[in-house]
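I opened this notebook to record what I looked up, working from the whole chain down to single residues.

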Amino acid sequence: MEESIAAAMDHSELHLVNDLAQLPLMTQWVEEIGERAQLAPGELFNLTLAIEEVVVNVMNYAYGDRTGMPVDLKADFTASGLVVTLIDHGMPFDPTAAQEPDLDLPVEERPIGGLGIMLVNKLTRRVEYARQDDMNVLTLYF
């Protein structure tokens, strides 16, 4: 699938494939969204960090060994804020059902993973997940 950026006044889309070499396209897209939303530098940093965390995880894990698979992002500017939706056709994974990591455990005793999900939860107002038509649909509210 060829990457593309499409934008309207209150909506923007980015179509990628699961290849980490496409992360600069994602960063450019997020910066454009930040400009349109008139985000302060700290808000833009948080937005970029949250979206990058999710996109990297999808690219690394959603499709197993399959390459060239779609990773789609949509941004909608609403009266209550920015809504970013990430869609992939990978294995079902609901990050909202993941258990919060126990930060009181020593680092060497903690299971691997989970900190990225916690980070995304801290950087957003709300996170929603749905499995629709064999797709993971993750919606982030900023």
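**Entry 1, the chain as a whole.** I noted at the outset that this is a predicted model. I counted three helices and six strands in the chain, and reading from the N terminus I wrote down their order as β-β-α-α-β-β-α-β-β. I then looked up burial and found that, of the 142 residues in the chain, 37% are buried. For the surface I recorded an accessible area of about 8300 Å², with 54% of this area belonging to carbon and sulfur atoms. Turning to contacts between residues at least 6 apart in sequence, I found that 61% of them join residues at least 24 apart.

Which residues of H2 are buried? I listed Leu47, Thr48, Ala50, Ile51, Val54, Val55, Val58, Met59 and Ala62. Viewed down the axis of H2, these buried residues fall within an arc of 165°, so they line one face of the helix. I set beside this the general point that an α-helix has 3.6 residues a turn, so residues three or four places apart point the same way. On the face of H2 turned away from its buried side, I found the exposed residues Pro41, Phe45 and Tyr61. I also checked what comes just after H2, where Gly64 takes a positive phi of about 60°.

I next looked at helix H1, residues 23–36, whose axis comes within 10 Å of the axis of H2 and crosses it at roughly 150°. I recorded the crossing of H1 and H2 as right-handed. On the H1 side the contact is made by Leu23, Met26, Thr27, Val30, Glu31, Ile33 and Gly34, while the residues contributed by H2 include Leu44, Leu47, Thr48, Ile51, Glu52, Val55, Val56 and Met59.

Is Gln38 buried or exposed? Its relative accessibility is 70%, so Gln38 counts as exposed. I then turned to Asp134, in the loop between strand E5 (126–132) and E6, where phi is again positive, about 60°, in a residue that is not a glycine. I noted that Asp134 is exposed, with a relative accessible area of 59%.

I placed Thr139 in strand E6, residues 135–141, and since its relative accessibility is 11%, under the 20% limit, I count Thr139 as buried. Setting aside neighbours within four places in sequence, I found Thr139 in contact with Val83, Val84, Thr85, Arg126, Val127 and Glu128. I placed Met69 in the loop between H2 and strand E3 (70–78). With neighbours within four places again left out, Met69 is in contact with Leu16, Val17, Asn18 and Tyr63. I also looked up the C-alpha separation of Met69 and His89, which are 20 residues apart along the chain, and recorded 7.7 Å.

Terms used
Residues are numbered from 1 along each chain as its sequence is written. This is a predicted model: local features need pLDDT of at least 70, side-chain atom pairs count only at pLDDT 80 or more; totals for chains, interfaces and linings use all residues. Side-chain values use heavy atoms; hydrogens and water are left out. Helices (H or I, at least four residues) and strands (E, at least two) are DSSP runs, numbered from the N terminus. Buried means under 20% relative accessible area, exposed over 50%, partly exposed in between (1.4 Å probe, protein chains only). Contact means heavy atoms within 4.5 Å. Accessible areas come from the Shrake-Rupley method with a 1.4 Å probe; for residues, only the protein chains shown count as cover. The arc is that of the directions from the helix axis to the C-beta atoms. Axes are lines fitted to C-alpha atoms, for helices over the stretch in contact, and angles run from 0 to 180 degrees between N-to-C directions. A crossing is left-handed if the near helix is turned anticlockwise from the far one by less than a right angle, and right-handed if clockwise.
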